[in-house]
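Please have the sequence and the structure open while reading.

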Amino acid sequence: MFLKWNLPKEMPLFIQNRGVGRVSSTAELFDKYPHLQEIGRKFHSKPLVDVDPKCLLYVQQREFAATTPEDTCVSVIGSDDATTCHLVALRHTGSGAVCLAHLDGCSTWSEVPLIVKVVMSLSNLSKEGRLELHLVGGFNDESKTSHKLSLNILVAFQKQKEDIHLETCCITELNDIVVDGNHRPVVYGIGVNVKTGEVFPSSFTHKGPAEELRSARTFTGGQMANIYDSSRGLVQIGPCKWSPNLDIAFWMAQDDDTILKFLSTSPMAEPAHFVEHMKSTIRFLLEHPDPENLFPGDQPQLYHRTERGDWERAV
């Protein structure tokens, strides 16, 4: 990971309508734009918003989803459980098209263009408006994983050809709190109101549909995936590929501390359900060693929203 970036002074990332020049650290960014600190503090001091699962589209790690205010199936896109990961919301103020992505640093350079592309594809180019960016996540972790990802995301957005306005930047040191001597994030999750564009702190108990399948895809190295077809109101998963690996059964017998130490980038900051989540993912992989059986005809699994508001497998 590079810690410094030699970039032209004028790039298409704007703060208060001024182009952002070379960024070498998040500390430097916040010193140069102190109002970002105030916005960040106000954001993480907001109470968590409860979201009705019947209107929620949940985004897992290494996924993104985008839609428009006209969507009758989704009112809020949300994601949580971000420690060193960052949650990225990009919205076009003219069309209202919005995307939420959960980035973990796997391939930031190729992921950021996907976010911009999907929002632009859903935006009516004849409408006035601009692209507004909201970044939340990371903390002061010992390995500086959050700092590196923050920088990568900022620079990746600077490299886009579209003008992008950074509105919220509650990342890394601005999203840090010390609890019992350990650094951890203040905000682990956010929601985006598809109708209004409001971004708010939140947490989610409903992480479906196909929560274990989607977790298994990421655990086995799946790349960033768009999980939603807004034109049809369908969640689409896969088809996924992984190789049978019975060795992962080893983890089922390990204690919580061992799983945290070896399967987390931030063992002291994970939410309480992390270990059980990892075990359920591994259990799913052991029960489905051949993913081809989950995707007949090599077709994705599709889920539609029922009148009750649940996601149901489409036949």
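Does Trp311 count as buried or exposed? In this predicted model, Trp311 counts as buried, because its relative accessibility is 16% and the cut-off for burial is under 20%.

**Tyr228 and Trp311**
- The ring centres of Tyr228 and Trp311 lie 6.5 Å apart with their planes at 75 degrees, so the pair is edge-to-face, given that planes over 60 degrees apart count as such.
- This pair links distant parts of the chain, since Tyr228 belongs to strand E15 (residues 228-229) and Trp311 to strand E18 (residues 311-313), 83 residues apart.
- Tyr228 is buried, at a relative accessible area of 3%, and Trp311 is buried as well, at 16%.

**Other aromatic pairs**
- Trp242 and Phe284 also form an edge-to-face pair, because their ring centres are 6.5 Å apart and their planes stand at 70 degrees.
- Trp242 sits in the loop between strand E16 (234-237) and helix H6 (256-263), whereas Phe284 is in helix H7 (residues 274-287), so the pair ties together parts that are 42 residues apart in sequence.
- Trp242 and Phe284 are both buried.
- Phe250, Trp251 and Phe262 are linked into a cluster by ring pairs.

**Cavity**
- Searching the whole structure finds 1 cavity of 30 Å³ or more, and the largest cavity holds about 30 Å³ of space.
- The lining of the largest cavity includes Val20, Arg22, Glu28 and Tyr33, and its residues divide into 4 nonpolar, 1 polar and 3 charged.

Notes: Residues are numbered from 1 along each chain as its sequence is written. This is a predicted model: local features need pLDDT of at least 70, side-chain atom pairs count only at pLDDT 80 or more; totals for chains, interfaces and linings use all residues. Side-chain values use heavy atoms; hydrogens and water are left out. Rings of Phe, Tyr and Trp (its six-membered ring) pair if their centres lie within 6.5 Å; planes under 30 degrees apart count as stacked, over 60 as edge-to-face and the rest as tilted. Helices (H or I, at least four residues) and strands (E, at least two) are DSSP runs, numbered from the N terminus. Buried means under 20% relative accessible area, exposed over 50%, partly exposed in between (1.4 Å probe, protein chains only). On a 1 Å grid over the protein atoms alone, a cavity is a set of points where a 1.4 Å probe fits but cannot get out, and a pocket is an open set with protein on both sides within 12 Å along at least five of seven lines; lining residues have an atom within 4 Å of a point. Grid points are joined across faces, edges and corners, and a volume is the space filled by probe spheres set on the points. Ala, Val, Leu, Ile, Met, Phe, Trp, Tyr, Cys and Pro count as nonpolar, Asp, Glu, Lys and Arg as charged, and the others, Gly among them, as polar.
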